[in-house]
Amino acid sequence: MTANKQEILAAFSEGLKKFDLDSSAVSARIEDDGILTLEGSTKTWQTAVDIGHMAAKLPGVHNVVSDLTAPGAVPLKRKDSAPYRAMGVVDKADVVIIGGGVTGCAIARQLTQYRVNILLLEKEEDLCEGSSKANNGMVHSGYDSKPASLKARLNVRGNAQYTKWSQQLGFKFNRTGSFVCGFGEEDRAAIEGLYENGVTNGVPGIEIISGNRAREMEPGLSDSVQFALWTPSAGYAEPYEVTLALAENAVDNGARFRLGCEVVDILTKDGRVQGVVTTQGVIPCDCVINAAGLYADEIAEMAGDRFYSIHPRRGALVIFDKENKGKIRTFSGVAPNNYTKGGGPEETPEGTLLWGPSALEVPDKEDRDVDREDMEFILEKGMRLTKGIDPRSVITYFSGNRAATYSEDFVIQNSRKIKGFIHVAGIQSPGFASAPAIAELVESLYLGQNPDTPINTAFNPIRKPEPAFRDCTQEERDRLIAENPAYGRVVCRCETVTEAEILRAVHGKIPARTMDAVKRRTRAGMGRCQSGFCGSRVLELLAREWKIDPSEVTLKGKGSEILVRPSRNTGRNAE
Amino acid sequence: MNTLSYDIAVIGGGPAGLAAAVKARELGMDRILLVERDYELGGILQQCIHDGFGLLRFKKQLSGCQYAQKFIDLVAEGGIDVLCDTMVLELTDDRRIYAVSAQEGLLEIRAQAVILAMGCRERTRSQVSIMGSRPAGVLTAGSVQRYINMEGYLPGKKAVILGSGDIGLIMARRMTLEGIEVEGVYEVMSSLGGLRRNKVQCLDDYGISLHLSTTVTKIHGNKRVEAVTVALVGSDGKPVRETERVIPCDLLVLSVGLIPENELSRKAGVQLHPVTRGPVVDDTMMTSIPGVFAAGNVVAVFDLVDYVSRSGEIAAQGAVDFIRRQSARGNMVDTVAGSNVGFVLPQRVNADCGGKEINLYLRVRKPMKDVRAEIVCNGKILKSTRYGVANPPEMIALRFVPDGPLDGPLTVDVR
């Protein structure tokens, strides 16, 4: 370490003065490896977060573990693993990947290039239920990451790989470019700063252009935009589509997935990974890859190697009616002022106008509320950046949490304490853009530990997506229905989703068991009526295909059943 | 792709489409097609097992299903071609219809006249800006109705209803009868959203409380609804924070308004009206595209099914006349929503309509007592009708027969 521990702690105490705290309220200790651990309590969660960030910026501090509490803070949750250990061994694998978001699925697919037994565990009943789901799908160009950070390197590299990824995996990807807009000279310095960052980070084609030129490219941009940072390499994909594509290709190449399978403990012996204890039983393995998103710090704690804390940063997204298609193609944002800039208006590859996300530090990882403040922030920003869009055409809004560490950088490395344990944590923005490069880096970490891993000669990187009825020509539709009449039955009228597509999702490589899982695979229920019409039909199909009672069908896993019980007149075991 | 050819194609087999098809047959049309996306005809009436339908037309209290069945029988007797389980994907401005079904595959349907009768859909939580989480247990009143009445399942144990529209009121009673506890009905406006008779029969008779000027501001619970926050709204229409209270429940039922389903119309280039959100129509229910007519809730949300059927019949008459004469329309005059009137349907009438009955439908802007509805043309009162009360949810239907050509716009005032 460059600074000695006493100096770091002194600097921390100095920094703490700004927060108007009793010195006994917060205590800090530091390890040899520069990991600063905070304990105590603060009056507000935002103060706890600010202290964490202050600490992470001190010279010599590598990362921050914060056990600071504040009203609403939820401490690390550990389930008693004993009953699950008692279930015994239920499976085994060489590599267990924890977390079925875009990162975990990308890693799973990457490792199927080798002859290893890969098992991905996801605690929810479908993939892409956490941070990935509530991502705006932007494949960032890489101007906003701090030069020399892991984020900067992996973002620019990941972005460059997206075209190939989309070709191989068959997901929609639009490389439309992005603007960061300046409205007056007061924004000049921030935008020039981003430009310099971008040049240093190697962002291709980056330039500052006039407002008029920006409007030539994007006529929907507000007339009050005076100049803009333009990065042509930025693009957009649908995160749930990408995640599923990766997972399906991984399945094709031999990886296995267990859904509804929560990890409750990591088994280690003599500093080596031995396996995991899950809510489905014990699974021995040699390597654990921690891609648990918001819960990565809790998984690290289970392995006895927690050296970062995840503090959830909530972001809300707003979706508009498809009638706005074509009004905006390119993302636009405003000059940033904090750890995250939040997002602005964009059009998803599906042709949906999407605004957001907002950015708010919240104490609870499970807090996925959308508040009036989120809406006001998003709509105000969007209206400022664009013109000709009626905010009354909003059809839905939702939120999710970014998995931020206090160092605000990705943590992708071998555990220094436990052999066979790989941290893939702090994957927040631009994690989606970086995913291809994150997967490569994890591959190299794995091979570093297991240099003799044999190549999977049967690896096929190509996944051919099934046709979406809504995108087909009339001739293609005619042919599809001739082959399978279920293509002629439109279940979701707003998004033109057919019964055949829903059955395909239910019986797919990662079978859809919930209403939301069907929605992510087919778009049924994503449209303007928000499943008002098709909800009962999708529910009926799920019950029929899974041979369960309709009252067992859930929105998003156990506890989210749509129906409570049969009515008293049906004769079906009423309460 | 199969190509079919008809005189009249009706899109939608609910009350408007059924009435239109039956009327067209009565008027002697041979080749009529009724296209319905659901498995059976009847539209939303299928799930309306409560009574009160058909008071005007049949002078009887029928259930929605019974009301629909009367027309479905006439469709069958008339030998009208019906395609159920068939979804129209596209309508062109030259009256070609593209539809799909599992049995028929892709269809191209050509018709001399098309009647749009797609009905409406329910507004969702985002359209009334309810904040909070997105758990299971937030359903529109129509969905709840479908689950309980058609699927035979209860979607909750304790419900809060937002919106005092008719379906919300009717579901308050229905859920109570099925053993779901209805905590109350909350209405953001200062007056009832649905018909008075429904408040009496569905809330008062069951002791369910109605909370006016109150709305749901937030939903709690990640997997399933655990509670909702309600608050009084101030005179600016915004919730007052200090009045917020949390009500534990596992079901939030939304009855917050209906929106005409005009995606097909819009794509075909039919002119839509900003207030009704349905096509601008003339007194024959013809839209801005010649030969394309519209009827029922796709034009504007009606409060009585009798009016819906009537509009279907007018559209059928218009379509038949259009086919038979193919003549240019005469001079048209606009109808104007005058004082205290929200909108008037149709938006245009034929000026040379002397001796022919004209049906006008309107909604008042605010609740009023002892009023007169007056139809005025060029300073002359053509018709004047007294009403003891006039409420926005209760549509006023005016029929009159002008004795000569109209020499200017028709203004309707309620004062």
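Trainee: Which helices of chain A each supply at least two residues of the lining of the largest cavity?
Mentor: Helix H8 (239-252) and helix H14 (515-522) of chain A. Helices here are DSSP runs of H or I with at least four residues, strands are E runs of at least two, and both are numbered from the N terminus. This is a predicted model, where local features need pLDDT of at least 70, side-chain atom pairs need 80 or more, and totals for chains, interfaces and linings use all residues. Residues are numbered from 1 along each chain as written, chains are lettered from A and ligands numbered from 1 in written order, and side-chain values use heavy atoms, without hydrogens or water.

Trainee: And which one gives the largest share?
Mentor: H8(A), with three residues. The lining includes A:Tyr240, A:Thr243, A:Leu244, A:Arg520 and A:Arg521. A cavity is a set of points on a 1 Å grid over the protein atoms alone where a 1.4 Å probe fits but cannot get out, and lining residues have an atom within 4 Å of a point.

Trainee: How much space lies in it?
Mentor: About 50 Å³, taking volume as the space filled by probe spheres set on the points, which are joined across faces, edges and corners. The whole structure has three cavities of 30 Å³ or more.

Trainee: Switching topic: how many residues has the largest nonpolar core?
Mentor: It has 73, and B:Ile8, B:Ile109, B:Ile115 and B:Leu116 have the most contacts inside it. Helix H8 (residues 305-325) of chain B gives the most to this core, 10 residues. A core is a set of buried Ala, Val, Leu, Ile, Met, Phe, Trp, Tyr and Cys residues joined through side-chain atoms within 4.5 Å; buried is under 20% relative accessible area, with a 1.4 Å probe and protein chains only.

Trainee: What is B:Ile8 in contact with?
Mentor: Leaving aside neighbours within four places in sequence, its contacts include B:Met29, B:Leu33, B:Ile115, B:Val320 and B:Ile323. Contact means heavy atoms within 4.5 Å.

Trainee: OK, rings. How many aromatic pairs over all chains?
Mentor: There are 13. Phe, Tyr and Trp rings (six-membered ring for Trp) pair with centres within 6.5 Å; planes under 30 degrees apart are stacked, over 60 edge-to-face, the rest tilted. A:Tyr162 and A:Phe171 are edge-to-face because their planes sit at 75°, with centres 6.0 Å apart.

Trainee: Are those two buried or exposed?
Mentor: Both A:Tyr162 and A:Phe171 are buried.

Terms used. On a 1 Å grid over the protein atoms alone, a cavity is a set of points where a 1.4 Å probe fits but cannot get out, and a pocket is an open set with protein on both sides within 12 Å along at least five of seven lines; lining residues have an atom within 4 Å of a point. Buried means under 20% relative accessible area, exposed over 50%, partly exposed in between (1.4 Å probe, protein chains only).
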